[in-house]
Structure formats: C-alpha cells, structure tokens
Amino acid sequence: MSDQQATYPHVPIGEMLQRIRRDNAGHGTKHVVILGAGIAGLVAGYELQQLGHAVTILEGSERIGGRILTHHFKDGSYNELGAMRVPATHDYTHHYIDQAGLAGKLIPFVNSVDQNFLDIHGVVCRMSESRSRIYPRYGLPEMPPTPDGAYPQDPGGAIFGWVLENAIAPLTPFELDSLFKGEMTTDRLRYLDSLSLGAFLDTVLPQQVKQLVGAYTSLAVWFEKAVTMFIRDTIVGTGNNLTTLQGGMSQLPDTLAGMLKPGTVLLQHEVTRIRIASETSVEIGYAGPEGPQTLAADYVLCTLPFGVMRRMALDGFSYAKRLSISQMAYAASSKVILDCRERFWESRYGIYGGGSISDGLQRQTYYPMDHLKVERGPLPPRPWSNPHTGPAHDERTGPAPDADASMPGALLGAYCWGSDALRLGLMEPAAQVEAVRRGIARFHPEIMDDNLVVDSASICWQSHKWSAGAFAFLLPGQLGTIFLDGKKPEGRVFFAGEHCSLDQAWIQGSLIASLEAVDQIVSI
C-alpha cells in the first residue's frame with residue numbers, strides 16, 4: 001500500500017468495509033442475484049457471502065473477468081487485451097489484490113522510457129530526441145525554456161499536465177469534493193463540465209500545440225470527451241507509481257472467483273430482461289443452456305455496462321434511468337498483441353518497458369514490463385498526474401538482472417481509441433495484424449519478418465458482445481445531468497460497474513461502485 005493512497009476525495013476502502021458491516025447488522029439474510037461476473041460482480045458476491053447472504057451470479061459469456069482479460073500464448077508469453085495498470089492511489093484495487101494473495105506479483109508499469117520511439121508529424125525518433133526533432137514541426141522552440149519546467153515542457157504530455165494543473169489549482173476543497181460526487185455546485189464547476197477536452201485546450205494553447213498534445217498523448221481522437229474526467233484523473237494521480245501483475249491481470253478475477261462458494265457463478269446465462277414486478281420483487285429473464293428461463297429475485301445488483309443493457313427489455317424502469325442508459329457515452333478501444341519469437345526490442349534497441357507513440361493507426365505500442373527495473377523518486381507535495389501527462393515523480397529505468405532477450409515476448413502492438421479503434425476493429429484479424437505491423441515497421445522494421453511474429457490476438461471492445469464499449473467516458477454536460485440518475489437504484493434493482501463511479505475506465509471505479517451498492521442492499 002502506498003502513502004499516496006486516499007489522497008483524493010473518496011471513502012477509503014477500510015472505512016467503506018466498516019460501513020458495510022455496521023449497516024448490515026440487524027438486517028436479515030438476503031438472496032441477491034448479481035448480473036455480470038466482471039470484477040464488480042465478483043467482489044460484490046464475495047463481500048455479500050462473507051456477511052452470510054445468498055448470492056447467484058448470472059454471466060452471459062463463457063468466462064469471468066469482464067474487461068480484465070489477459071491473453072496467454074502457447075510459448076508462455078502474454079499481454080493484456082483489457083485493463084493493464086494500477087495506480088498507487090487506487091486503494092480498493094490494491095485491497096483486493098492483497099485479499100487474493102497477489103501483492104507479491106506486482107511489478108512496475110511505466111508508460112514511457114527514453115529509449116521508446118515517437119513517430120509523429122513524419123519524424124521517427126527516440127523519446128529523448130523529441131524536443132529537437134519534433135517540437136519545431138509544431139512551432140515550438142528546440143531548446144528547453146528557462147526556468148526549468150516552464151511552458152513549453154518536454155515531452156508533449158507534460159504540456160497537457162501543465163494546463164490541467166492550472167485548471168485544478170484554483171478549485172476550493174468544496175469544489176474538489178463536489179467534483180468527485182458528480183455535483184456541479186458552482187459556476188466554475190458548471191463551466192468546466194460544459195467543456196470538451198478539445199474546447200478546453202483551445203482556451204489555453206495555440207492550435208499547433210493542441211495538435212502536438214493530441215499526438216503525444218494519443219488523445220486527438222477524444223477531443224470531444226468531457227475535460228472533467230481528465231481533471232479528476234489528474235487529481236487522483238493515476239500516472240504515479242503504476243504497477244501491473246506479473247503473469248497477467250486476469251489472475252485477479254480468476255482468484256476472486258475461486259474465493260466464492262462453489263456454484264455461485266452461472267456462465268452462459270445471458271440476461272435478456274429485467275422486470276420490476278413490485279416494490280419487493282424483480283423478475284430476471286435469461287437465456288441459459290436449457291433455453292429461456294425466468295428467475296424471481298428479492299434483490300438484484302446489475303453490473304452490466306449500459307451499452308449491453310440498451311439491448312435488453314427493461315420493464316418498470318423510470319424515464320430518468322432509461323435516459324441515462326441510452327445516453328451514457330462509452331469509449332471505443334482496440335488492442336492487437338503480436339507474439340514474437342524473441343524480444344528484439346531489448347537486444348537491438350535497448351528498450352525495456354514503456355510505450356512507443358505514433359500518429360498512425362496503431363497509436364500506442366507497449367513493451368512487456370516483466371524485464372524492467374525501475375527506481376522511483378519521491379512524490380512532490382501536489383502529485384497531480386495521469387497516464388497521459390507522465391508521472392509526478394522521477395523514474396530511472398533499465399533491464400532487470402535476469403532479463404533475457406532470447407525469450408519469447410508478447411508486444412502490445414496497437415492500443416488505440418476512438419475512431420482509430422473503430423477503424424482497426426472493422427478489419428479482419430489478418431488485416432489488423434498487417435496494418436499494425438506496417439505501422440510499427442517505421443521504427444522496428446524487423447517486425448515484418450514472418451519468422452519473428454509467430455502469433456497474434458486482438459479485440460475491439462466497442463463491438464464486443466458483452467461490453468459494447470471499452471469503458472464509460474462522459475461527454476460535456478453529462479456529469480451534471482445523466483450520471484447521478486445512472487447509479488440510483490430502481491426499486492430492488494441496484495447498479496454498479498465503472499460507469500457508476502467517477503473513477504471511470506479503472507478497476508478502482510468498478511470496485512467503489514460495487515461496494516456502494518453492497519452497502520445500499522445490506523442497509524435494507
């Protein structure tokens with residue numbers, strides 16, 4: 001656990017668990033039907049069973065874990081098709097990693113190292129050469145400014161961090177608390193909630209520099225998204241002291257599922273209908289191995305993404321809830337993993353971890369973190385950062401003592417968002433791989449060697465049946481309108497998942513919303 005945890009406005013995990021146990025006292029045992037066996041459903045099921053409640057989890061797909069999905073290749077290499085990093089401030093996530101006995105498998109995750117490549121504005125260079133090689137293309141000086149840290153910072157993500165810090169600094173403690181509750185209580189918060197990321201950058205940066213920031217961070221495809229999400233992420237410090245699980249993030253849901261009572265999770269039980277029959281009864285329609293079935297429940301916890309719920313029959317739901325379900329914005333994301341016979345990026349380029357950035361279709365190429373050694377400096381008094389700005393602390397990286405470049409390695413060849421994710425996702429798998437390899441070949445030409453790339457895997461979360469989107473990502477104005485209605489209970493139907501939190505897109509958000517819903521249920 002990190003000293004940086006619990007430094008942003010939220011109920012810390014220890015306090016939340018105490019609240020649940022206190023609110024559960026004196027209330028009877030309940031049977032709760034949970035919809036979805038992603039991380040939110042699994043944790044809710046675990047905590048409810050620990051309190052003596054009966055739990056049934058209906059999962060439509062053939063596996064548990066939701067959008068946590070590690071792909072393993074036959075040669076032992078792996079990489080993440082879903083969630084891949086955990087910030088130090090995410091105390092809920094770290095708690096359940098501890099509960100699952102996986103804390104010893106945490107290894108550093110870094111977003112960039114100096115040896116990574118940039119392929120931007122027609123220039124291919126190392127990350128360390130960005131100011132001299134790329135900044136002049138955007139009308140910025142080749143030499144760093146004085147004093148150190150003054151605008152324009154290097155690399156481009158640091159400029160993004162600077163403009164976000166300038167927006168955060170004037171916020172009062174009351175406004176910070178309101179921002180994390182989804183309550184637009186002041187004119188300043190209402191103004192920020194009205195801005196897209198692109199519109200916000202237009203108020204503080206020249207157009208060319210805005211395009212530079214969009215290219216460096218790969219956020220150019222998300223300029224229409226609400227800037228308040230990036231502000232919250234920066235306050236949380238989601239770019240600091242990142243870690244991942246050696247062996248894959250899927251170990252977390254897999255282990256948690258094993259901590260449930262046998263028979264709790266029913267796979268291939270696709271929910272097709274939720275009917276609020278009365279104030280005390282809910283009917284769940286589902287298609288299981290034995291055909292269409294109906295299940296009566298006293299309490300239901302729905303953790304399904306709203307994009308999935310949109311195609312279901314919803315009877316007895318309020319107009320406000322239906323509106324939230326229909327309008328909740330989700331981000332598109334696609335990933336393509338290339339399994340390589342050897343780790344040529346280590347032996348030929350000296351790259352250990354981090355990610356290379358391109359303005360081409362593949363956008364981000366992440367290298368395996370399991371051969372990486374990291375030394376991290378202390379955090380400053382205001383450790384504001386997000387994955388796009390770079391960490392607030394210093395990072396010195398290099399090869400781990402046992403790094404062996406002759407081993408197979410799975411390269412996350414493409415991680416792209418928005419329209420690029422949809423374009424890549426529309427391709428057939430072989431065409432996806434070919435397009436990604438061509439893009440990477442601009443800085444790693446050997447990737448075109450068919451003897452080097454031995455296998456691949458890919459996913460487009462927007463077209464994935466069980467997610468219908470990578471994660472919730474609000475548009476301007478939605479925080480102050482549809483968000484709070486989205487997380488409110490409807491009779492005996494409760495809601496959880498990252499879309500019901502303001503840590504959207506993170507495992508932390510799923511867990512916070514899950515425990516909030518558990519507390520609502522046990523309090524009755």
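**Burial, bridges and cores**

Visitor: Why is glutamate 342 called partly exposed?
Guide: Its relative accessibility is 27%. Buried means under 20% relative accessible area, exposed over 50%, and partly exposed in between (1.4 Å probe, protein chains only). The 27% falls in between, so glutamate 342 counts as partly exposed.

Visitor: What kind of model is this?
Guide: This is a predicted model, with residues numbered from 1 along each chain as its sequence is written. Local features need pLDDT of at least 70, side-chain atom pairs count only at pLDDT 80 or more, totals for chains, interfaces and linings use all residues, and side-chain values use heavy atoms, leaving out hydrogens and water.

Visitor: What makes glutamate 342 and arginine 348 a salt bridge?
Guide: Their side chains meet at 3.7 Å, N to O. A salt bridge needs a side-chain nitrogen of Lys or Arg within 4 Å of a carboxyl oxygen of Asp or Glu. The value is within 4 Å, so the pair qualifies. Arginine 348 is partly exposed, at 48%. Glu446 joins both residues in a salt-bridge network.

Visitor: How many salt bridges are there by this rule?
Guide: The count is 25. One of them joins aspartate 119 and arginine 442, with closest N and O atoms 2.6 Å apart. The two residues are 323 residues apart in the chain. Aspartate 119 lies in strand β6 (residues 117-120). Arginine 442 lies in the loop between α16 (429-440) and β22 (453-460). Helices (H or I, at least four residues) and strands (E, at least two) are DSSP runs, numbered from the N terminus.

Visitor: Are aspartate 119 and arginine 442 buried or partly exposed?
Guide: Aspartate 119 has 3% relative accessibility, so it is buried. Arginine 442 has 47%, so it is partly exposed.

Visitor: What about aspartate 202 and lysine 210?
Guide: They form a salt bridge, with closest N and O atoms 3.1 Å apart. Lysine 210 is buried, at 8%. Aspartate 202 is partly exposed, at 42%.

Visitor: Why is threonine 228 called buried?
Guide: Its relative accessibility is 3%. That is under 20%, so threonine 228 counts as buried. Threonine 228 sits in helix α10 (residues 227-236). Leaving aside neighbours within four places in sequence, threonine 228 is in contact (heavy atoms within 4.5 Å) with Leu179, Leu192, Asp193 and Leu479.

Visitor: Which residues touch the most other members of the largest nonpolar core?
Guide: Leu35, Ile274 and Met309 do, in a core of 141 residues. Such a core is a set of buried Ala, Val, Leu, Ile, Met, Phe, Trp, Tyr and Cys residues joined through side-chain atoms within 4.5 Å. Helix α18 (residues 507-522) gives the largest share, nine residues.

Visitor: Why does this core lie between domain 1 and domain 2?
Guide: Domain 1 (13-67 + 266-326 + 474-523) and domain 2 (85-247 + 333-460) both give residues to it, so it lies between them. The bounds come from an automatic or database domain assignment.
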